[in-house]
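Please find below a short note on the model under review.

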Amino acid sequence: MASVAHSFMKLFRGSSAGTGQGSTPAQRTQRLTRRSSGLAELAKTLALEEILCVLDLGPTSPANIRYLTERGHKIYSEDLLVASTDPSLTRDEQGTAVLDSKKFLADNLVYSAAQFDVVLCWNLADYLDETLVKPVVGRLWSLLKPGGVLLAFFHTREAGPDAPCYRYHIVGADTLEMQHLEARREMRKGPTGVMHTAITDGFRLQRVFNNRHIENLFRDFASIKFFLARDNVREVLVVR
């Protein structure tokens with residue numbers, strides 16, 4: 001990967017509605033709404049007349065498809081969290097079960113280099129198995145065009161270890177609906193046509209990144225900008 005041309009960090013205090021701590025049965029069946037300063041910044045790019053290619057990392061979202069296609073953009077969706085639960089990815093390394101990151105990247109994020117202008121990463125890094133985080137970020141770097149933008153969310157320690165995993169749906173230039181991800185079974189076809197079964201009983205917060213960790217994770221990107229929300233989430237915009 002190329003070295004960073006330049007880097008800078010800015011802290012903004014955004015506003016948000018809803019909560020990032022715990023989840024009640026009612027919250028699991030209805031969507032919460034939050035404001036997003038990071039999305040508001042990204043919306044300026046999405047509002048341009050230029051046709052952009054967007055990669056949305058999560059379950060298919062009709063809201064996101066509608067929002068982006070109405071503005072003339074092309075959208076691709078890929079659910080990497082569910083893909084990471086595929087039992088065929090697990091291998092033993094000196095008696096310890098680990099996920100095979102090479103096999104994971106052979107089956108997922110298979111696109112042309114520099115194909116995308118925007119990647120909606122959401123909270124993927126917080127819930128993805130640690131073995132996969134850096135390889136996935138490296139692949140996303142290669143998939144973004146120079147000057148392309150990635151939006152990611154990171155929990156703070158105040159969110160707590162039981163912070164629920166949400167799917168984010170764009171409903172406005174600075175507004176998201178948050179849908180609690182429930183357990184499900186999904187059949188997925190790999191690039192060779194083989195079907196795999198991915199089973200999940202919900203996703204748990206795997207780690208908490210501080211600012212230094214986040215900067216290190218995106219060290220090969222050109223710039224990084226932080227937005228601080230009030231629901232114990234850091235929003236980050238990074239530029240390739």
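The points that follow concern strand pairing, aromatic contacts and salt bridges.

1. Basis of the note. This is a predicted model, in which local features need pLDDT of at least 70 and side-chain atom pairs count only at pLDDT 80 or more, while totals for chains, interfaces and linings use all residues. Residues are numbered from 1 along each chain as its sequence is written, and side-chain values use heavy atoms, with hydrogens and water left out.

2. Strand E3 (residues 53-56) and strand E4 (residues 74-77) run parallel and are joined by four bridges; two strands pair if DSSP finds at least two bridges between them. Asp56 has Ser77 in E4 as its bridge partner. With helix H3 (residues 62-69), E3 and E4 make a right-handed β-α-β unit. Right-handed means that, with the strands pointing away from the viewer, the path from the first strand over the helix to the second runs clockwise. Helices (H or I, at least four residues) and strands (E, at least two) are DSSP runs, numbered from the N terminus.

3. Trp122 and Phe153. The structure holds nine aromatic pairs. In one of them, the ring centres of Trp122 and Phe153 lie 5.7 Å apart with the planes at 70°, so the pair is edge-to-face. The two residues are 31 residues apart, Trp122 in strand E7 (residues 116-122) and Phe153 in strand E8 (residues 144-155). Rings of Phe, Tyr and Trp (its six-membered ring) pair if their centres lie within 6.5 Å; planes under 30 degrees apart count as stacked, over 60 as edge-to-face and the rest as tilted. Trp122 is buried at 3% relative accessible area, and Phe153 is buried at 1%. Buried means under 20% relative accessible area, exposed over 50%, and partly exposed in between (1.4 Å probe, protein chains only).

4. Phe154 and Phe218. The rings of Phe154 and Phe218 are also edge-to-face, because their planes stand at 80°, with centres 6.2 Å apart. Phe154 lies in strand E8 and Phe218 in the loop between helix H8 (211-217) and strand E13 (223-228), so the pair ties together parts that are 64 residues apart in sequence. Phe154 is buried at 1% relative accessibility, as is Phe218 at 5%. One aromatic cluster is formed by Phe154, Phe209, Phe218 and Phe221.

5. Charges over rings. The charged end of Arg34 sits over the ring of Phe153, 5.3 Å from its centre. Arg240 lies over the face of Trp141, 3.5 Å from the ring centre. The criterion is NZ of Lys or CZ of Arg within 6 Å of the ring centre and within 35 degrees of the ring normal.

6. Salt bridges. Which residue meets Arg31 in a salt bridge? The partner is Glu177, at 3.4 Å, N to O. Arg31 lies in the loop between helix H1 (25-29) and strand E2 (32-35) and Glu177 in strand E10 (residues 175-180), so this pair ties together parts 146 residues apart in sequence. Arg31 is partly exposed at 40% relative accessibility, and Glu177 is partly exposed at 25%. A salt bridge is a side-chain nitrogen of Lys or Arg within 4 Å of a carboxyl oxygen of Asp or Glu, and by this rule the count comes to eleven.

7. A salt bridge network. Arg34, which sits over the ring of Phe153, is also linked with Asp231 and Glu235 in a network of salt bridges.
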